[in-house]
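I opened this entry to keep track of what I looked up and in what order. The structure comes first, then my notes.

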Amino acid sequence: MAMTDVAHDAVDYVRPAEIAEEALYHPKTWLGKYVFSQDAKIIALQYSMTAMAVGLIALLLSVLMRLQLGFPGVFSFITPDAYIQFVTMHGMIMVIYLLTALFLGGFGNYLIPLMVGARDMVFPYVNMVSYWVYLFAVLLLLASFFVPGGPTGSGWTLYPPQTILPGTPGADWGILLMLISLAFFVIGFTMGGLNYVVTVLQARTRGMSLMRLPLTVWGIFMATILALLAFPALLVSAVMMTLDSVLGTSFFMPAIVSMGQTLDYSGGSPVLFQHLFWFFGHPEVYIVALPAFGIVSELISVHARKNIFGYRLMVWAIVVIGGLSFVVWAHHMYVSGMNPYFGFFFATTTLIIAVPTAIKVYNWVLTLWRGNIRLTVPMLFAIAFVFTFINGGLTGIFLGNVIVDIPLSDTYFVVAHFHMVMAVSPVLAVFGAVYHWYPKITGRMLNETLGKFHFWVTFVGLYCIYYPMHYLGILGVPRRYYATGVTDFIPESAQVMNAGISIAAIIVASTQLVFLYNLAVSTTRGKPAGDNPWGATTLEWQTATTPPSHGNFGKELPLVYRWAYDYSVPGAKEDFIPQNVPASGDTGDAR
Amino acid sequence: MSLRRQLSTKPWLAQRGVVTDAGGFVGSTPKVTLGAFLCVASMVFALFIAAYFIRMTYADWRPIPVPALLWLNTVVLIGSSMALQWAAVSSRREHSDGMRLGLTLGGGCALVFLVGQWLAWRQLSGLGYFIDSNPSNAFFYTLTAVHGLHLLGGLGAWVRALVRVRQGVEIARLRMTLELCAIYWHFLLLVWLVLFGLLLVT
């Protein structure tokens, strides 16, 4: 085949939908450029900064929780009510307002158009509105700290009936603000999510077939589909719960006597809420995990200078995990009481998810195998992700089995498991991604020494926090308790361990300030990065300017001639060939 | 290339150095987007309906009587959907009178439908079937409200289309808007038929 001719033929491929640079929205004012911007890159930064700001609040709440657990009774301002409010807000903020928003709204907005070779999202205006609705949801949530009764203290799962009964902190105002905020979050996300999906489907540049997409885009794409289909469950349950609370319906509220008074509720089903909640809740795990999978695949391949091992299987695994994540939700409800056959079904599907997930882990390890590994900060975080994800995944196999789950349910074993698998792992991927793409976003490198310090303290510290929790869980230490007091089955040494965990948590939390300092200072004092400091192949590194200008690619969109992982190609002049390089004598392409 | 074939190519071997793909996907971008949104909306209704089926097995469930007015509303909504289809077809054939009439009738009927739903609420609450008196009432009010809100959103798009028609925007540029409106209306009609059927059967 005369492959060199094809570049000319490619002109025939020009699609009508392709936006010319001039046709883009061009803001005239400072406000239009940086505040009410319709440029996906600015929206990405707005999403990221808001998510990180609210994440810092959640981090602070976790430190307060650890102060109480490590040194019970020392800090008198942490009352039992306040403690459970911290637990609730920490969980909800971290899962939804930080991780989901950061991965999809932040990285999705920044990377999708650049990586698929588009000028912007397909609906820039809707994209902008999506951010402002998200911000409104965040403000509503934070407002609950200032209303009478404070934020809700129902646990992040918001299980009825206790959520809206007197006695639970924030049962009047707090829970309402939470539910309304969640509803707005879902609406805002749907606007953004439709954009991400349709941009990947419709706005890919010429030559960017589905199987040439970088795995980062695959991860974010699939996670967005999951979110679009799973968030409605959260919306539906939030609407029904709001009606139960405000109008006195009995969707979820059973006939109940509260503080000696028979309430007007009749025969509702709290378990129905649990089904709806977890129908959202379990895909949510993969909504934060799939983008992390994609990003880590990218980082490992780039920094090991090796093509990703098993690209096709990596894509299929993402799709299969996405599909399976909708049929495992009831494994969160083994102790709620269910037909044993149900338990058997959900245990089986849960364990089957281990197969595509294990494929991904093997492929990461095989990509590293005999690679030209460069232990840069992003690479360190990526490898740490693989370690941590294996750890968390293995305890998931324990908990996926009904008979093991029942004694471990509601203990610190569960806390340790889900933090390893869906808190620590995705956060490590986020850090890796920030260190990796920061040079593209700002044009400057982050300080490497500070980065390595940040990495090692965070990585080792996190293991000091969560490893001992597994042991506490096996001892039977219950989660969500303000204080365990004296019991027959928990030895006094557990308290020593709790104090140790708290000290590690405080150290890890304060180390994040070093990261923030690095982020801030490097914008002006960092080493200039150039266009492609890591020698990466994907399109975002091939832009004419760094940071990329509005419209991303200057006058013409790039043509894509190859997949995203042409690293160390035998016969090629350099150890990477960007996706927009046609076949020539230097690329070692077969002829 | 079919999706299955695309997903089974080996990108590290296949045609390296060649532009193999025109980019983009099937269909026009607005239609793909509407399709994706309808998937999300379907999910909302499907979950409500699933909750309905689970909740109705509990002992306190007393089915709500279905007001006869709902039959009339259904006919009006069918008319609304048909009128918008007519508008879309007329715009394709460049019949501007048919398009105007179809569009006006379609939105008008939708408004009548919403008023009809509100009257049905009034009738039921007049008879003492309040939202908090039984879970089946709660579902009736919630489902009709959620469906009505979707229709209201559609009417927002309808108003925009109507303004553009009044401004004399040429037909070719209105075609997509009208097609999208018609598809959305058909979807809401289908959802209403399912919901109405559910109320009648249970």
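**Entry 1: where the chains meet.** I began with the contact between the two chains, in what is a predicted model. I found 38 residues of chain B in contact with 55 residues of chain A. On the chain B side, the elements that give two or more residues are α1 (3-7), α2 (29-55) and α5 (135-166). I noted that α2(B) provides the largest share, 14 residues. Sorting that side of chain B by class, I got 23 nonpolar, 9 polar and 6 charged residues.

**Entry 2: confidence.** For the complex, the predictor gives an ipTM of 0.93 and a pTM of 0.94. Chain B has an average pLDDT of 92, and 97% of its residues score at least 70.

I marked residues 1-17 of chain A, where the pLDDT is below 50. Beyond near neighbours in sequence, that stretch has 21 contacts in the model.

**Entry 3: the core.** Which residues touch the most other members of the largest nonpolar core? I listed V197(A), V217(A), I220(A), A223(A), V236(A), V296(A) and F381(A), out of 240 residues in that core. Helix α4 (residues 80-116) of chain A gives the most to this core, with 25 residues.

I picked V296(A) from the list and looked up its contacts. Leaving aside neighbours within four places in sequence, V296(A) is in contact with W364(A), A382(A), F385(A), V386(A), A429(A) and G432(A).

**Entry 4: two helix pairs in chain A.** How do the axes of α8(A) and α9(A) cross? Helix α8 (residues 270-303) and helix α9 (residues 311-324) of chain A have axes that come within 11 Å and cross at roughly 175 degrees. Angles over 145 degrees count as roughly antiparallel, so α8(A) is roughly antiparallel to α9(A). From α8(A), the contact uses Y286(A), L290(A), F293(A) and S297(A); from α9(A), it uses M314(A), I318(A), I321(A) and G322(A). I counted these by class as 6 nonpolar, 2 polar and no charged.

The second pair is helix α3 (residues 40-70) and helix α5 (residues 124-143) of chain A, which pack at an angle of about 10 degrees with their axes 10 Å apart. An angle under 35 degrees counts as roughly parallel, and α3(A) and α5(A) are therefore roughly parallel to each other. On α3(A) the contact is made by A40(A), I43(A), Q46(A), Y47(A), T50(A) and V54(A). On α5(A) it is made by N127(A), M128(A), Y131(A), Y134(A), L135(A) and V138(A). This contact divides into 9 nonpolar, 3 polar and no charged residues.

**Entry 5: one residue in chain B.** Last, I looked up L180(B), which sits in helix α6 (residues 171-201) of chain B. Is L180(B) buried or partly exposed? I found 19 other C-beta atoms within 10 Å of L180(B); a residue needs 20 or more to be buried, so L180(B) is partly exposed. Apart from neighbours within four places in sequence, L180(B) is in contact with P30(B) and L34(B). L180(B) and L34(B) are 146 residues apart in sequence but 7.3 Å apart in space, C-alpha to C-alpha.

Key. Residues numbered from 1 in each chain as written. Chains lettered and ligands numbered in written order. Predicted model: local features only at pLDDT ≥ 70, side-chain atom pairs only at ≥ 80, totals over all residues. Core = buried A, V, L, I, M, F, W, Y, C linked by C-beta atoms within 7 Å. Buried ≥ 20, exposed ≤ 12 C-beta atoms within 10 Å, placed from the backbone. Helix = DSSP H or I, 4+ residues; strand = E, 2+ residues; numbered from the N terminus. Contact = placed C-beta atoms within 7 Å. Nonpolar A, V, L, I, M, F, W, Y, C, P; charged D, E, K, R; others polar. Axes fitted to C-alpha atoms, helices over the stretch in contact; angles between N-to-C directions. Parallel < 35°, antiparallel > 145°, perpendicular 65-115°, else oblique. pLDDT = per-residue confidence, 0-100.
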